[in-house]
Amino acid sequence: MRRITRTLVTAVMVTAVVAGTAGWASGTAQEPVTGPPAGTAEWRAAGLPDPARMDPAGVARFFAGLGPAERRRLVREHPTVVGNLDGAPLELRYAANSRTAEGRYPGARVLAHDARGRGQTVLVYGDLATAERVAVVVPGSDVDAGRMDSLTRKATALREATGGRTAVVAWAGYTTPVGVGLDAASGELAEAGAERLVRFAEGLRAAGVRPEPSVFCHSYGSVVCGLAAHRLKAKDLVVFGSPGMRAENVAALRTDARVWAAKDPTDWIDRVPNVAVAGLGHGTDPTAPEFGARPVEAGDADGHDGYLAPGTSSLRAFAAIAEGDVR
């Protein structure tokens with residue numbers, strides 16, 4: 001009975017802290033967007049192969065068998081499918097999404113733009129086809145197709161810090177929590193996001209992007225990365241402002257990637273209990289010594305969202321990791 005009581009108290013504490021941290025309002029429940037892209041019914045009706053039955057390698061083979069005129073026709077007639085098919089040629093996805101995104105993201109190439117739900121968008125800074133290094137930034141709560149500013153600032157800051165040598169992807173490719181509430185304390189959205197992140201990375205390889213990416217995971221995005229880790233082909237996993245990765249330690253992630261963790265002393269995430277009870281909470285703090293991640297200096301970052309601010313030691317370290325300048 002005492003153990004059950006302690007469990008219930010801990011669960012209530014997690015909920016209360018997560019719902020009220022930093023004065024944020026409790027979040028509203030979100031339904032994750034999953035499955036094949038919008039427009040798939042029309043695509044199938046045209047006699048085209050079912051996207052739900054193709055992995056990214058299969059998508060790449062399908063497009064490899066088409067001539068230039070047929071590829072252009074599919075972009076014109078089915079932009080919402082072509083633009084969001086992992087494994088499709090990069091240039092075709094860019095062309096398709098230029099039709100649906102209609103110039104909403106200046107300075108970036110749009111690799112995915114899915115208007116379902118709150119909207120999901122993947123933006124590219126640099127040239128994925130020729131880059132020797134690739135970084136993917138995975139955001140936490142409150143990011144969607146209409147609210148990309150914080151994520152694009154992080155992505156562009158990282159690219160600039162590498163001297164423009166690393167192609168950086170701002171991956172708002174999953175349904176994020178809204179606010180800090182039960183969605184942020186549970187793993188449902190992260191599980192759906194992990195599936196999409198793994199498929200996205202497989203799609204890059206199928207489309208000819210050769211470098212394994214360094215994946216930078218902020219806040220709830222680190223939960224996504226933790227759940228994806230055992231299937232995600234990445235050079236590095238870098239988590240910052242993390243509530244936990246749903247793993248007891250690095251070994252439990254079952255990844256060959258180097259795992260790094262940063263948390264600044266002013267980050268409110270430090271007040272969230274690192275427990276996992278009754279489906280709430282995300283477990284061990286990745287910056288704790290017992291977790292086993294490589295530490296990243298972040299003492300001069302400010303708050304929960306300041307890790308990629310220009311001039312910070314954390315941004316310099318992230319850029320060095322992306323560039324492969326640290327071992």
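Which residues are buried in α9? Before the answer, a word on the model: this is a predicted model, where local features need pLDDT of at least 70, side-chain atom pairs count only at pLDDT 80 or more, and totals for chains, interfaces and linings use all residues. Residues are numbered from 1 along each chain as its sequence is written, and side-chain values use heavy atoms, leaving out hydrogens and water.

**Helix α9**
- The buried residues of α9 are Leu189, Ala190, Ala192, Gly193, Ala194, Leu197, Val198, Phe200, Ala201, Gly203 and Leu204; buried means under 20% relative accessible area (1.4 Å probe, protein chains only).
- Helices here are DSSP runs (H or I, at least four residues), numbered from the N terminus.
- Helix α9 covers residues 188-206, and its 19 residues should span 27 Å at 1.5 Å a residue, which agrees with the 28 Å between its end C-alpha atoms; the expected span is 1.5 Å times one less than the number of residues.
- Just after α9, glycine 208 has a positive phi of about 100°.

**The nonpolar cores**
- A nonpolar core is a set of buried Ala, Val, Leu, Ile, Met, Phe, Trp, Tyr and Cys residues joined through side-chain atoms within 4.5 Å.
- The largest one has 44 residues, and α9 gives the most to it, with eight residues.
- Apart from it lies another core of 33 residues, including Tyr105 and Phe216.

**Lysine 154**
- Lysine 154 sits in helix α7 (residues 149-161) and is buried, with a relative accessible area of 9%.
- Leaving out residues up to four places away in sequence, lysine 154 touches Val137, His218, Asp305 and Leu308 (contact means heavy atoms within 4.5 Å).

Methods: Helices (H or I, at least four residues) and strands (E, at least two) are DSSP runs, numbered from the N terminus. Buried means under 20% relative accessible area, exposed over 50%, partly exposed in between (1.4 Å probe, protein chains only).
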